[in-house]
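Good morning, and thank you for coming.

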Amino acid sequence: MKSVTDFSRYHSEGQPISMVTCYDAWSARLIAETNVDAVLVGDSVAMVMHGHPSTVHATTDMMASHTAAVRRGIGDRFVTTDIPFPEHRKGLRGAMESVDTIMKAGANAVKIEGAQGHLDVIRHIVQSGVPVMGHLGLTPQSVNLMGGYRVQGREAAAAQQIELDALALQEAGVYALVLECVPAELAARVTESLSIPTIGIGSGPSCSGQILVLQDLLGMNLGFKPKFLRTYAEGSQNIMHALNSYNEDVKAGSFPSLEESFHYETTRKH
Ligand code: KIV
Ligand code: NA
C-alpha cells in the first residue's frame, strides 16, 4: 500500500489487509521486499527495542527517530506511527506538535489509542490533512488503569462502549480501526457496523485485516507466546544458534579462514 485510499479500496474489494510493526531501517528493507501491505511504527518499540516495561515510556522523539529509520528502508510503502502517551491528551496544540514532528520524520499517518475525551483532537488532526488510525479494546497506554494486559469487552457494558466508540471514531474520520484483544464475536459485530476496515490483533478472524508485532511473529520475542500469536519462524533459536556457531569458530580459530582474509597480491583486488 502506498496511500491511505488503498485501505478503503482493499476493504471495498473484500481484500484482507496484512500489517506488521516495523521499528528500524534493517527490517524495513526486508519488509519492502515482501507482499505485506503496510507497516506500523508502534509505540511497542519502547518495550521491544528499548526494554521498557510498558509503552507509557515511548516519547515523540523516540517515535520520530524510529519513523525516520523505517522511512529510509521502506521506500514508498505506507507508514503509520503511534502517537505516544500522553500527547493526544495535551489538547490540540500538544497533539499537533507531536503529529508535526512524527509526520516530518516520514510517517504517512498516525495512530491514536482510545476515543473518549479526545475525539475533538482526532477530528482536528484529520481536518489538518493527516490520516488517523483508531485503536480500541486493549489499549496498552492505559495498562496502569486496566490493571494489566487482558482481553477487553467481555462484559456487555464494556462491549457496548467499544461499539459506540468505534462508530464515534469513524464519524471523527479515522481511516481504519485497530481492535486489540477483544472477543472475536465483538470484533465481528464492530467490523460489520463500520464502513472503514478493522485491523485485528488477538481479535479473531472477522476483522478486515490483521497486525502482529514483527519480532513476535518471527519468534524472536523469547518466552512470549500468547494465545493469539502464531509464530512463522524460529527467530530466537536461529539467531542464538548462529551466535554460538560464530563463538565456537572464533574459539577454535577456524574463523576467519585465509580465504576470508586480505593478502599481499597484485593480480586480485580483494
Ligand atoms: O504498538 C503496537 O505495536 C501496536 C499494535 C500491536 C497494534 O499498537
Ligand atoms: Na501501540
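Predicted model: local features only at pLDDT ≥ 70, side-chain atom pairs only at ≥ 80, totals over all residues.

Residues are numbered from 1 along each chain as its sequence is written, and chains are lettered from A and ligands numbered from 1 in the order in which they are written.

Let me begin with the barrel. Helices (H or I, at least four residues) and strands (E, at least two) are DSSP runs, numbered from the N terminus. Two strands pair if DSSP finds at least two bridges between them. Here 8 strands close into a barrel in the order β1-β2-β3-β4-β5-β6-β7-β8, with parallel pairing. From one strand to the next, the twist averages 25°; axes are lines fitted to C-alpha atoms, for helices over the stretch in contact, and angles run from 0 to 180 degrees between N-to-C directions. Strand β2, residues 38-41, is joined to β3 by 3 bridges. Within this pair, L40 stands opposite T80 of β3. In general, strands of a sheet pair through backbone hydrogen bonds, either parallel or antiparallel.

I turn to helix α5, residues 91-104. The expected span of a helix is 1.5 Å times one less than its number of residues. The 14 residues of α5 should therefore span 20 Å, and the end C-alpha atoms are 20 Å apart, which agrees.

Which residues of α5 are buried? A residue is buried if 20 or more other C-beta atoms lie within 10 Å of its own, exposed if 12 or fewer, and partly exposed in between, with C-beta atoms placed from the backbone. In α5, the buried residues are A95, S98, V99, I102 and M103. Seen down the axis of α5, they fall within an arc of 130°, so they line one face of the helix; the arc is that of the directions from the helix axis to the C-beta atoms. An α-helix has 3.6 residues a turn, so residues three or four places apart point the same way. The face of α5 turned away from the buried side carries the exposed residues R93 and K104.

Now to the annotated positions. UniProt, in an unreviewed entry, places the feature "binding site" at D43, S44, D82 and K111. These positions are spread over 69 residues of sequence, yet they cluster in space, the largest C-alpha distance being 12.4 Å. UniProt positions are given in the numbering used here, feature names are shortened, and annotations may be inferred rather than shown by experiment.

D82 lies in strand β3, and D82 is buried, with 30 other C-beta atoms within 10 Å. S44 is found in the loop between β2 and α3; S44 is also buried, with 21 such atoms within 10 Å.

The "active site" annotation from UniProt, again an unreviewed entry, covers E180. E180 is placed in strand β6 and counts as buried, with 22 C-beta neighbours inside 10 Å.

Finally, the backbone. Most residues other than glycine have a negative phi, and most peptide bonds are trans. A cis peptide bond joins F85 and P86, with omega about -5°. C181, in the loop between β6 and α9, has a positive phi near 50°.
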